[in-house]
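This report walks through selected sheets, helix contacts and side-chain pairs. The structure comes next.

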Amino acid sequence: MLCNTTLTKVENIILNHLWEFLAIFLLAPSRRTIVLGHFFFPDKMSMKPSNNIWIRRQQCPCGDWKCYIKYEGDDQSSVSSQLVKSETTASSSSSSEAVFTPYVGQIFKSDDDAFEYYSNFARKNGFSIRKARSTESQNLGVYRRDFVCYRSGFNQPRKKANVEHPRDRKSVRCGCDAKLYLSKEIIDSVTQWYVSQFSNVHNHELLEDDQVRLLPAYRKIQEADQERILLLSKAGFPVNRIVKVLELEKGVQPGQLPFIEKDVRNFVRTCKKTVQENDALLSEKRENDMMELVEACKAMVERDPDFLYDCTTDENGKVENIAWTFGDSVRAYTVFGDVVTFDSTYRSITYGLLLGVWFGIDSHGKAIFFGSVLLQEENSHSFAWALQTFVRFMRGRRPQTILTDIDSGLRDAIARELPNTKHVISISHILSKLSSWFSLPLGSQYADFKADFDMLCHLESVEDFEHQWNLLVARFGLVPDKHIALLFSYRASWPLSYIRSYFLAHMLTAEFSQSLDSFLKRILSAHMCLQVFFEQVGIAANLQNRPRVEMQSMHIKTCMPIEEHARSILTPYAFNVLQHEIVLSMEYATTEMANGSYLVRHYKKMDGEYLVIWIPDSEQIHCSCKEFEHSGMLCRHSLRVLVVKNYFELPEKYCLHRWRLESSLVPMDDQHAQSSSDECTQAFHSLATTLLTESLISKERFNYVHRELTGLLEHVRNMPVIDEFALNIAANNVSES
């Protein structure tokens with residue numbers, strides 16, 4: 001009976017983790033991943049998994065696939081951390097809960113409740129328990145349960161195996177008489193269990209807290225830990241390394257996990273055989289779904305001639321890689337293709353495919369879809385094919401700048417296929433890896449290291465960066481660290497001091513990152529096969545499905561003519577960014593140099609100045625901060641010089657088409673209502689300014705105006721809200737008067 005129960009538990013474990021384990025099995029060592037989250041599993045082993053599960057790919061760019069990476073701020077990591085935290089909290093609360101000594105006559109609702117209660121009591125007192133005899137009848141079923149100390153009774157002598165050196169294991173049983181016997185009774189049709197016998201007399205030494213947790217009864221591997229153990233094992237991690245990873249994740253000291261290395265080894269061995277027997281199932285599903293995806297692309301070409309796709313096959317005719325884009329995306333690329341980001345941070349665990357998505361940033365600061373690709377392998381050759389295909393889709397036009405994650409294979413492919421394109425590594429991707437790289441070796445110094453590293457990222461001078469970098473490495477003793485060497489070798493692609501002259505069009509802002517994440521969340525559902533995923537991408541990429549852009553606040557703040565001009569030609573997003581620079585430009589003083597250039601310095605901050613070069617013949621302006629080269633919008637220093645030069649409008653060449661109103665790909669709210677609202681704003685602003693000037697002449701005037709305005713404000717708040725049409729009429733009346 002015990003053997004059957006054990007087999008059932010093993011089968012349940014295998015059923016709960018088989019599909020996840022199968023998905024990882026096919027991954028080559030260079031593409032091994034660590035998965036967080038929960039998955040849907042079929043009831044029968046013969047059924048095909050119906051889900052397509054996307055995860056963060058977490059291969060370390062240092063080249064060592066065994067280097068564990070944990071993303072900071074990642075949703076799935078956060079969920080895992082919360083689960084670990086809740087488990088720890090529950091465990092501590094359970095251990096701190098008062099468990100009194102059982103007594104004869106104590107009543108429980110069920111025998112399971114009694115066993116749990118007695119088990120908690122035993123753990124607090126330095127021993128464990130097991131289920132012994134149970135008695136049942138035809139009418140009552142099981143009506144007696146016996147729970148005893150784990151050292152109760154004596155082992156019966158076993159027949160020795162016919163081997164040369166049989167193992168002679170020493171039994172822990174010593175005839176301990178500690179026990180708790182339960183009996184069942186039914187009162188008024190209600191079943192309950194009561195303690196009929198209890199003894200807490202032991203004939204052996206009881207264990208301390210740090211020893212009792214190592215008893216087999218308490219060494220349980222939770223479901224979340226089982227998932228992680230299986231995946232790490234399939235990625236090639238030895239058992240001792242798996243234990244260290246789990247200790248690091250849970251933040252416990254070595255040897256303080258609720259299970260030991262032996263338990264992990266037994267668990268992996270139990271599941272391994274069944275997994276190997278079912279490899280073909282997942283392989284067949286992947287091949288079928290890839291063919292269905294190709295058929296979906298062919299059907300899309302018939303419906304939309306502007307749709308483009310391409311794929312590669314292996315020597316057996318099976319689809320390896322596939323890429324596609326839409327007509328709207330190609331047309332949008334002609335306007336916003338100057339800078340693109342290639343997001344390759346997600347992988348399909350079900351199919352073992354790497355997902356790559358090309359995005360741009362539109363005139364409203366939102367992510368816009370350019371194309372996507374599914375790659376079988378994660379290497380330089382596959383990335384090169386993806387880049388070649390993307391450029392061909394976009395009619396041979398290459399971007400000025402491309403943003404990616406840190407990946408050596410992708411870097412080599414970009415250098416080969418896009419030699420004239422600037423390659424930038426998103427600083428957010430680097431920051432997400434710092435904790436897993438340096439928190440363990442630096443320990444309590446990690447917080448100071450992180451602060452200094454953040455400062456390094458935003459230094460403006462290359463010389464300052466390299467000097468401060470050397471100081472940082474020496475201070476924290478990181479000279480031999482492979483990740484430090486990796487970051488330094490990539491330094492031309494990520495610190496601000498190196499990329500300040502690269503055009504990025506505000507792609508590094510938090511707002512754009514949120515827009516990109518929002519797009520990915522819409523298409524990465526855990527319950528989609530590849531064909532449905534393809535359809536979901538098409539829906540999300542369709543410009544007609546994008547929400548209307550609400551007219552943002554475009555009120556004048558400085559009354560400068562150059563601000564009025566900017567508002568009339570720029571989108572609300574671009575105008576708000578430029579307006580911020582216009583407002584700040586008023587805090588800067590200019591000093592004209594002999595050659596016609598200007599030194600621009602903040603009126604308070606005397607430790608920094610910027611050189612602005614003005615070329616009057618061609619109306620060119622260049623600032624040493626390189627903001628225009630970086631974002632496509634003039635900086636506060638250049639704007640200050642233009643004002644000094646009596647410019648009332650922005651020079652045409654410094655109003656990029658990508659930021660203009662006419663470049664918008666999606667409809668905007670009625671601009672007539674906005675202009676009418678602006679007229680109302682200007683009229684009230686003029687009245688308010690005059691009223692303030694007159695009221696400050698005397699105290700009596702001020703008190704009168706304050707009293708009347710307070711009453712007027714209360715009256716206006718109580719008035720019903722009129723519609724937009726009436727507002728426009730009112731604005732026209734104000735203008736005429």
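Strand S16 (residues 609-615) pairs with S15 in the antiparallel sense, over four bridges. In this pairing, Leu599 stands opposite Leu611 in S16. The model is predicted.

S15 also has a partner in strand S14. Five bridges join S14 (residues 588-592) to S15 (residues 598-602), and the two run antiparallel. Ala589 stands opposite Arg601 in S15. S14 and S15 form a hairpin with five residues between the strands. In that hairpin, Gly596 takes a positive phi near 95°.

These strands belong to an open sheet of four strands, ordered S14-S15-S16-S17, with antiparallel pairing. S14 and strand S17 (620-623) are the edge strands, and each pairs on one side only. On average, neighbouring strands of this sheet are turned by 25° against each other, direction ignored. Helix H22 (residues 636-644) packs on the sheet and touches S14, S15, S16 and S17. The direction of H22 makes about 65° with that of S14.

An annotation covers part of this region. An unreviewed UniProt entry places the feature "domain: SWIM-type" at residues 610-646. Over residues 610-646 the chain is 38% helix and 27% strand. The end C-alpha atoms of that stretch are 20 Å apart.

## The five-stranded sheet

A second topic is the open sheet of five strands with the order S2-S6-S5-S4-S3 and antiparallel pairing. Its edge strands are strand S2 (107-108) and strand S3 (129-137), each pairing on one side only. Seven bridges link S3 to strand S4 (residues 141-149) in the antiparallel sense. Ser137 stands opposite Gly141 in S4.

Helix H3 packs on this sheet. H3 touches S2, S3, S4, strand S5 (179-187) and strand S6 (190-199). The direction of H3 makes about 160° with that of S3.

| Strand pair | Sense | Bridges | Opposite residues |
|---|---|---|---|
| S14 and S15 | antiparallel | five | Ala589 and Arg601 |
| S15 and S16 | antiparallel | four | Leu599 and Leu611 |
| S3 and S4 | antiparallel | seven | Ser137 and Gly141 |

## Tyr117 on helix H3

Tyr117 is found in H3 (residues 111-124). Which residues does Tyr117 touch, not counting those up to four places away in sequence? They are Val99, Phe100, Pro102, Gln106 and Phe108. Val99 is 18 residues from Tyr117 along the chain, yet their C-alpha atoms are separated by 7.5 Å.

## A helix pair

Two packed helices are described by the angle between their axes and the distance between the axes. The axes of helix H17 (residues 510-523) and helix H18 (residues 530-541) come within 9 Å and cross at roughly 145°. H17 passes H18 in a right-handed crossing. From H17, Phe519, Arg522 and Ile523 take part. They meet Phe533, Gln536, Val537, Ala540 and Ala541 in H18. The contact residues divide into six nonpolar, one polar and one charged.

## A salt bridge across the chain

Side chains of opposite charge can pair when their charged atoms come close. The structure holds 25 salt bridges. One of them joins the side chains of Lys318 and Glu287, at 2.8 Å from N to O. Lys318 lies in the loop between strand S7 (308-313) and strand S8 (319-325), and Glu287 lies in helix H8 (residues 279-303), so the pair ties together parts that are 31 residues apart in sequence.

Methods:
Residues are numbered from 1 along each chain as its sequence is written. This is a predicted model: local features need pLDDT of at least 70, side-chain atom pairs count only at pLDDT 80 or more; totals for chains, interfaces and linings use all residues. Side-chain values use heavy atoms; hydrogens and water are left out. Axes are lines fitted to C-alpha atoms, for helices over the stretch in contact, and angles run from 0 to 180 degrees between N-to-C directions. A crossing is left-handed if the near helix is turned anticlockwise from the far one by less than a right angle, and right-handed if clockwise. Contact means heavy atoms within 4.5 Å. Ala, Val, Leu, Ile, Met, Phe, Trp, Tyr, Cys and Pro count as nonpolar, Asp, Glu, Lys and Arg as charged, and the others, Gly among them, as polar. UniProt positions are given in the numbering used here, feature names are shortened, and annotations may be inferred rather than shown by experiment. Two strands pair if DSSP finds at least two bridges between them. A salt bridge is a side-chain nitrogen of Lys or Arg within 4 Å of a carboxyl oxygen of Asp or Glu.
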